[in-house]
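Please look at the sequence and the 3D structure before reading on.

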Amino acid sequence: MEHQDLGFNSLLVHAGGVEDALMSAVTPIYQTSTFRFHNADHGAACFSGEDDGYIYTRLGNPTIADLERTLAILEKGFGGIATASGMGAVTTVYMGLLGAGTHMIGHEAVYGPSRVVMESLFKRFGVESDWFDTSNIELVARHIKPNTKLIYLETPANPTMVLADIRAISEIAHEKGIKVCVDNTFCSPYLQNPLELGADIVLHSMTKFINGHADIVGGIIVTKTEEDYKNLRSVMINMGPNMDPHQAWLARRGLKTLALRIERSQANAMKVAEFLENHPKVAWVKYPGLKSHPQFDLAQKQMQGPGAMISFEVKGGLEAGKKVMDNVKLALLAVSLGGIETLIQHPASMTHSKMTPESRLRAGITEGLIRLSVGIEEAEDIIADLEQALEKA
Ligand SMILES: *Cc1c(COP(=O)(O)O)cnc(C)c1O
């Protein structure tokens, strides 16, 4: 069957794949750095592009290509580019679209290093950037400059759970010839398809929901057009943040159960969010599935479900929050997210500690904000764990 005819879960299982002579049911791990040519002419044809044979694993590898093709299908794009990490994907996009004298716009609360690398490293090479609340479309329009080349969104944003309207922002951007890239890590292609909403590029940290088992680090970029694909693949190949075949094989295996895992952790997250919202010691909860989320309507329109990420604050701020983090028994006190296990962490002292305190506060990352990535355990057990920890706060 052609992949256009298949539903999401069937694609998770069957998309991609390689034809190998031994008829393997699962794409094998081609753990090789290089590939043999039949003869000198074949080698020359592979290099000129006349033959699509593999050459060298940094340039391409069948195990990695399976994963790249699958994600391009799931995100409804032209092609996928796998990277060694999510940050490899972010920096490949920055390198491919920006240069000295250009400007980019980003959401103020994104994955910490996505902003830090721009404001430190890329600034040294003459790239300007502005970071503010992209949930405010007026602000986005006002910050566009003649040299703006990229609008970089993360929705829901990490860790504030603020949403950006991908369709509305893409329309404004495209009028001015500006590209829009969305970090879709918090949703995965199961819950949100930025390219369908108008974005040009989507990227993921595959470390999170796509792999889903907290056992590898990896990234992926999917572009809508062939032109962007060729540009970014060339950046990746020349800079070298390529994925390893074994890593790709694990990510492809984890991906098969993406929808099952997300359905389960999302159902748990809804129960946990309701529990937290009704708890007397909790000051506030941000979860796109709760009516109290300021952008509940946009979440309904743009996302196929609210996901498994929750941020909340315990009354009493950081000190009370620390008590909760120090007393959970089932949830793991650890960064990262999107795995089968429930994780809890404190952005101001952990994932977002490299931001200045002022930019953190401006971005809504309060000292007491706690981020929860809800896993696939029993909802009752996750809630009981939080309940006993909150009692000690
Ligand atoms: C983890 C994460 C990244 C970075 O990915 P790595 O795989 O850790 O390099 C980027 N964006 C978001 C939203 C993330 O959660």
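The sections below cover the domains, their interface, the ligand, the salt bridges and some backbone details.

## Two domains

The model is predicted. Its protein chain is divided into two parts: domain 1 covers residues 3-255, and domain 2 covers residues 258-391. Between the C-alpha centres of domain 1 and domain 2 the distance is 26 Å. Domain 1 gives 44 residues to the contact, and domain 2 gives 39 residues.

## The interface between the domains

The size of an interface is often stated as the accessible area that is lost when the parts come together. For domain 1 and domain 2, the area buried between them is about 3,200 Å². Carbon and sulfur atoms account for 63% of this buried area.

What polar links does the rule find across the interface of domain 1 and domain 2? There are 17 residue pairs in polar contact, with both residues of each pair at pLDDT 80 or more. The number of salt bridges found across this interface is 0.

On the side of domain 1 that touches domain 2, the elements giving two or more residues are helices H1 (8-14), H5 (112-124), H7 (166-175), H8 (188-191) and H10 (245-255). By residue type, this side of domain 1 has 24 nonpolar, 15 polar and 5 charged residues.

## Around the ligand

Which residues are closest to the ligand? They are Gly86, Met87, Asp183, Thr207 and Lys208, out of 14 residues that surround the ligand.

For three of these residues an atom distance can be given. In Gly86, a backbone N or O atom is 2.8 Å from an oxygen atom of the ligand. In Met87, a polar backbone atom also lies 2.8 Å from an oxygen atom of the ligand. Lys208 uses its side chain: a polar atom there is 2.7 Å from a ligand oxygen atom.

## Salt bridges

How many salt bridges does a search of the whole structure find? The search finds 9. Arg233 and Glu68 form a salt bridge, and their closest N and O atoms are 2.8 Å apart.

## Backbone details

Another loop, between H1 and helix H2 (40-48), holds Met23. The phi angle of Met23 is near 60°, which is a positive value in a residue other than glycine.

Technical notes: Residues numbered from 1 in each chain as written. Predicted model: local features only at pLDDT ≥ 70, side-chain atom pairs only at ≥ 80, totals over all residues. Heavy atoms only, no water. Domains from an automatic or database assignment. Contact = heavy atoms within 4.5 Å. Buried area = accessible area lost by both parts, 1.4 Å probe. Salt bridge = Lys/Arg side-chain N within 4 Å of Asp/Glu carboxyl O. Polar contact = N/O pair within 3.5 Å; in protein donor to acceptor, adjacent residues only side chain to side chain. Helix = DSSP H or I, 4+ residues; strand = E, 2+ residues; numbered from the N terminus. Nonpolar A, V, L, I, M, F, W, Y, C, P; charged D, E, K, R; others polar. Near = heavy atom within 4 Å.
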